[in-house]
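Have the viewer open and follow along.

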Amino acid sequence: MGYHKRLRIVSGILKDKGSLIKTTLSTKRRKASARRVILRATTHGSSVPPSDHRIAAVIGLGDGSRFTACTCIQAVMDRLHRTKDSSVALKCLYTIHNIINKGSFILKDQLAIYPSSGGRNFLNLSTFRDGSDSETCEMSAWVRWYAGILEQNLMVSRVLGYHLNSPRSKNEIIGFLNSDLLKELDVLVNFADYLGNVPADSLYLQRKSLVHEIVRLVSEDYRSVQREIFVRVTELGARMVSLSWSECTEFLSCIDRFEGCKERIAVLLVNRNRNDDLWGLIKETKANLVTAIEKKENEGKMVVAATADNESNKLTQFSQLFRLAPSGRWVEF
């Protein structure tokens, strides 16, 4: 380890100690307590994920009042947006991910409405960069990618109306409109599409336990996404005869995009989450959709041709009954 890197790590550790002392001396006890919990879960100095008991302490903040939950979310967001250290940023995102997966309703609710304006890029890390050395530059790419994954996760939750780790009963979607199912399928495929944008040039960083654990959590999310996609593709496939031409083309577009993610995702997950049943369903449904779209297009052409013939016959009958007089008016024969 180089001198500058050791100096940076020591400096970060000292900053953490100073911040912890500040929280101890603060008169705002509840806010200081929440901030202290977050600081201990997201320390400088290592690429090891927060321990289980540190994560449990964060999750425990959601068992109190709404104010405590709000303070927890504010503390982790402040920590995330103020740090320039890629490892600290990844630990903050990892903590947020655990809040999404394990947090109480009140904690998830506070996260879902942060900031009050919402939006697709609410974590606001698309320009994050830790330029301390070549490795931190590559870690920064993982920070940007992981932040995007969590944003996609929350977007899925907003559209579906529940979090990925608490799936809806398959029977509940039977009464959904086609447009609702297509909208949900679209946002699920968006998640898979973004997952495939993993920093492929620095996959070797998975040897770090923090990055390895992050990939494990994301893999679990993708497994849930696959399950939700399977349910919706099955239901829409059963309705194929009643789908309009535009609905069929939208459905096919989603399937094509999902297929386009497969190889890119495999680069990250290798043989994990292969789900051969899902890909078999996708292949079969795509073939049926292509046939259905061609059939509907041909039916549409036949309707247009029949309408044109009908109009032509009407014009012929009219010309047999009337003639155009020199005055420019139609008169009967």
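This is a predicted model: local features need pLDDT of at least 70, side-chain atom pairs count only at pLDDT 80 or more; totals for chains, interfaces and linings use all residues.

Start at helix α8, which covers residues 178-195. Its 18 residues reach 26 Å from the first C-alpha to the last, close to the 26 Å expected at 1.5 Å a residue. Quite a few of its side chains are tucked away: Leu181, Leu185, Leu188 and Phe191 are among the buried residues of α8, and so are Asn178 and Glu184. The cover over these buried residues includes α7 (134-160), α9 (209-238) and α10 (245-269).

Now zoom out to the largest nonpolar core, which has 89 residues. Leu93, Ile96, Trp142, Tyr146 and Tyr222 have the most contacts inside it. Domain 1 (19-116) and domain 2 (160-303) both contribute residues, so this core lies between them.

On to the charges. Side chains of opposite charge can pair when their charged atoms come close. The structure holds 13 salt bridges. One of them joins Asp186 and Arg257, at 2.6 Å from N to O. That pair ties together distant parts of the chain, with Asp186 in α8 and Arg257 in α10, 71 residues apart. Asp186 is partly exposed, at 30% relative accessible area, and Arg257 is partly exposed too, at 26%.

Arg216 and Glu220 stay within α9, four residues apart, or about one turn of the helix. Their closest N and O atoms are 2.5 Å apart.

Finally, look at Glu184, Arg227, Glu228 and Arg232, which are linked in a network of salt bridges. Within it, Arg227 and Glu228 meet at 3.8 Å, N to O. Arg227 is partly exposed at 34%, whereas Glu228 is buried at 3%.

How values were computed: Residues are numbered from 1 along each chain as its sequence is written. Side-chain values use heavy atoms; hydrogens and water are left out. Helices (H or I, at least four residues) and strands (E, at least two) are DSSP runs, numbered from the N terminus. The expected span of a helix is 1.5 Å times one less than its number of residues. Buried means under 20% relative accessible area, exposed over 50%, partly exposed in between (1.4 Å probe, protein chains only). Contact means heavy atoms within 4.5 Å. A nonpolar core is a set of buried Ala, Val, Leu, Ile, Met, Phe, Trp, Tyr and Cys residues joined through side-chain atoms within 4.5 Å. Domain bounds come from an automatic or database domain assignment. A salt bridge is a side-chain nitrogen of Lys or Arg within 4 Å of a carboxyl oxygen of Asp or Glu.
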